[in-house]
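Subject: Structure handover

Hi,

Here is the structure for you to look at. My notes follow below it.

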Amino acid sequence: MVYFACSLAGKPYKYGSVDPDKGFDCSGFVTYVFNHFGIMVPRTSVDFTPVHEAVDLKDAKLGDLILFTGTDSTERVAGHMGIISSLPGEPLRFMHASSGKHPGVIETDFYTKYYEARYLKVIRVFVQNDER
């Protein structure tokens, strides 16, 4: 699934879209990737806020979802999200549809002031990621 998500790198950013020909917003990207594999997920990032129990950031694994606040980090609900794309032992990275400096589907390092300040939680969709 993560390889499929990575194959979408470079698709443009398009608010409210789940169409790869037009582009994606962050939750549209996640929805498209998961739906491609027959996995139904909430459509908007805010709808992920109460979903699943949080996993410790240090335990994040390939395919887990990472949630961030929106641009107002004082509002502690999800406003942005991505898919963990790094392997255990590597610096944490995630694929997401960004509307920032480099709009579109990109892979980003987590350990930046911007994302660390907005971090909400990691949620595990795949129970096999719980296995060691």
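Strand E4 (residues 65-69) and strand E8 (residues 119-123) run antiparallel and are joined by 4 bridges. Strands and helices here are DSSP runs, numbered from the N terminus (strands: E, at least two residues; helices: H or I, at least four). Phe-68 has Tyr-119 in E8 as its bridge partner.

This is a predicted model, where local features need pLDDT of at least 70, side-chain atom pairs count only at pLDDT 80 or more, and totals for chains, interfaces and linings use all residues. Residues are numbered from 1 along each chain as its sequence is written, and side-chain values use heavy atoms, without hydrogens and water.

E4 also pairs with E5, antiparallel, over 5 bridges. Pairing takes at least two DSSP bridges between two strands. In E5, Ala-78 stands opposite Thr-69.

E4 is largely enclosed by the rest of the structure, because 5 of its 5 residues are buried (under 20% relative accessible area; exposed is over 50%, partly exposed in between; 1.4 Å probe, protein chains only). Leu-65, Leu-67 and Thr-69 point one way from E4. Ile-66 and Phe-68 point the other way. In a regular strand, side chains alternate between the two faces of the sheet.

The whole sheet is open, with 6 strands in the order E3-E8-E4-E5-E6-E7 and antiparallel pairing. Its edge strands are E3 (54-55) and E7 (104-109), each pairing on one side only.

Best wishes
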